[in-house]
Amino acid sequence: MPLDPSGWDAHGALHNIFCASSIYNNQVHYSWFVWPWHRLYLWSMEQKLQKAVGEPKLALHYWDWTKDNVVPAHYWGDERNPLFNANREVGPNDKIPEDFINVGAAFRASKYKTFGGYPTIAKKGDSQRDGIAEQTFHNNIHNWIGGQMATFTESGYDPVFYTHHGNCDRIWEAWKQYHPDNRYPEDIEWLDKKLYSTDGNGRPIEFKIRELLDTRQLGYAFADLDFNPAFSNPYEEAMLPPRSKSKADRVAPLKIDSAKAPAIFYEEGRNDRVHIMLHFDRAELPYHPYCARVFFEYPVNGVMKSTYSGTFTILPILDMDSFILQNGVTLQIEVQSEIIRAINEKADIQVVFQPVPLPNRNIPDKPLRLSEIRLETNV
């Protein structure tokens, strides 16, 4: 029933309120609230399903796309299958590109701000900094599936949303256990932040983030936290996407303030890698969302080398209480120590944004326009 507060339509609309909102205080994306709120949203769905079928042990499942990189078979068929969605741009045999599902860079982010995003901005003009988990595998897979999944306003209406986010929730849990240095923020503004959803009857409910950190208190636990190691560790050279040039590429020089350079690279690296923040001023995006592979190009013994650093889907982030896009964009990137050495040696470094073709969608010839590509400290 469309007006049933515990029904499918109302639950999908709930995602709009907190993820498609231009009301800044409602928006949970692009910040350190994204994972706690979506955990609550999944809990809400699970409660409603349990009530609908009268089975309190019913549990949502997750799709571990690091082990099976096609949309699971039970989401296909025709309109007689309630899990099928005709709006998807992919088909049952399409495979997610391997670089879209790298979770290792997120696991190795020892700071929650790097993994899960920064606090919301205090004034217009500041750059909202989403975390590496949101910018990479979360956004990449939403965008790759396409259709309703590639929108904020309708993604909650595609059943595959819940199995994708179930795995994202599992990754968040796995991040906490990946390394003893991986800790949740101790800031009261994060722990005591109230997040809103609805219970199994569709009634409004609120949780503080501190009440969402232990899944067992919410009534569930993951069967395992094991991911395909090929996507949890540094890529083998053969798995790296190639640097194939096109007229839609954007190549721009990297600017580094030499006075700040030593501080930029001081998040302790793991496996010979370091997390940095790459910032640029957005002049124009040729389309939304914009998915690109990022390469650093620099001379090694007189020969230019291209090094892949990640695949990112850039979303159109609105400025604070505004319908205007934020000018500044920040990407949280894990780079190899060789790139850091090139920076320390003051090499001429180019940053390349290579747009990624997606199923049944064309990349415009027009490249991303941007300026002032620079590194910033990861604090």
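## An aromatic cluster

Eight residues, Trp-32, Phe-33, Tyr-112, Phe-115, Trp-172, Trp-175, Tyr-184 and Trp-190, form one aromatic cluster in this predicted model. Rings of Phe, Tyr and Trp (its six-membered ring) pair if their centres lie within 6.5 Å. Planes under 30 degrees apart count as stacked, over 60 as edge-to-face and the rest as tilted. Across the whole structure, a search finds 25 aromatic pairs.

Let us look at one pair from the cluster. The ring centres of Trp-32 and Trp-190 are 6.2 Å apart and the planes stand at 45°, so this pair is tilted. Trp-32 sits in the loop between helix H1 (8–19) and helix H2 (34–53), while Trp-190 belongs to helix H7 (residues 188–191), so the pair ties together parts that are 158 residues apart in sequence. Helices (H or I, at least four residues) and strands (E, at least two) are DSSP runs, numbered from the N terminus. Both Trp-32 and Trp-190 are buried; buried means under 20% relative accessible area, exposed over 50%, and partly exposed in between (1.4 Å probe, protein chains only).

Trp-37 and Tyr-41 give a stacked aromatic pair, with 4.9 Å from centre to centre and 15° between the planes. Both residues lie in helix H2, four residues apart, which is about one turn of the helix. Trp-37 is buried, with a relative accessible area of 0%, and Tyr-41 is buried with a value of 0% as well.

Arginines meet aromatic rings here too. Arg-129 lies over the face of Tyr-118, at 5.7 Å from the ring centre, and Arg-170 lies over the face of Phe-227, at 4.1 Å from the ring centre. A charge sits over a ring if NZ of Lys or CZ of Arg is within 6 Å of the ring centre and within 35 degrees of the ring normal.

## The four-stranded sheet

Next comes an open sheet of four strands, in the order S3-S8-S5-S6, with antiparallel pairing. Two strands pair if DSSP finds at least two bridges between them. Strand S3 (250–253) and strand S6 (303–314) are the edge strands, each pairing on one side only. From one strand to the next, the twist averages 20°.

Eleven bridges link strand S5 (residues 290–300) to S6 in the antiparallel sense, and Val-294 stands opposite Gly-310 in S6. Helix H5 (residues 132–145) packs on the sheet, where it touches S5 and S6, and its direction makes about 65° with that of S6. Helix H9 (residues 337–344) lies across S5 and S6, running at about 60° to S5. Contact means heavy atoms within 4.5 Å; axes are lines fitted to C-alpha atoms, for helices over the stretch in contact, and angles run from 0 to 180 degrees between N-to-C directions.

## A hairpin

Strands S1 (residues 194–198) and S2 (residues 204–208) run antiparallel and are joined by five bridges. In S2, Phe-207 is the bridge partner of Leu-195. S1 and S2 form a hairpin with five residues between them, and Gly-202 in the turn has a positive phi of about 80°.

## Cysteines

How many disulfides does the structure hold? There are zero, a disulfide being a pair of cysteine sulfur atoms within 2.5 Å. Cys-168 is buried, with a relative accessible area of 2%, and Cys-291 is buried, with a relative accessible area of 1%.

## About the model

Residues are numbered from 1 along each chain as its sequence is written, and side-chain values use heavy atoms, with hydrogens and water left out. In this predicted model, local features need pLDDT of at least 70 and side-chain atom pairs count only at pLDDT 80 or more, whereas totals for chains, interfaces and linings use all residues.
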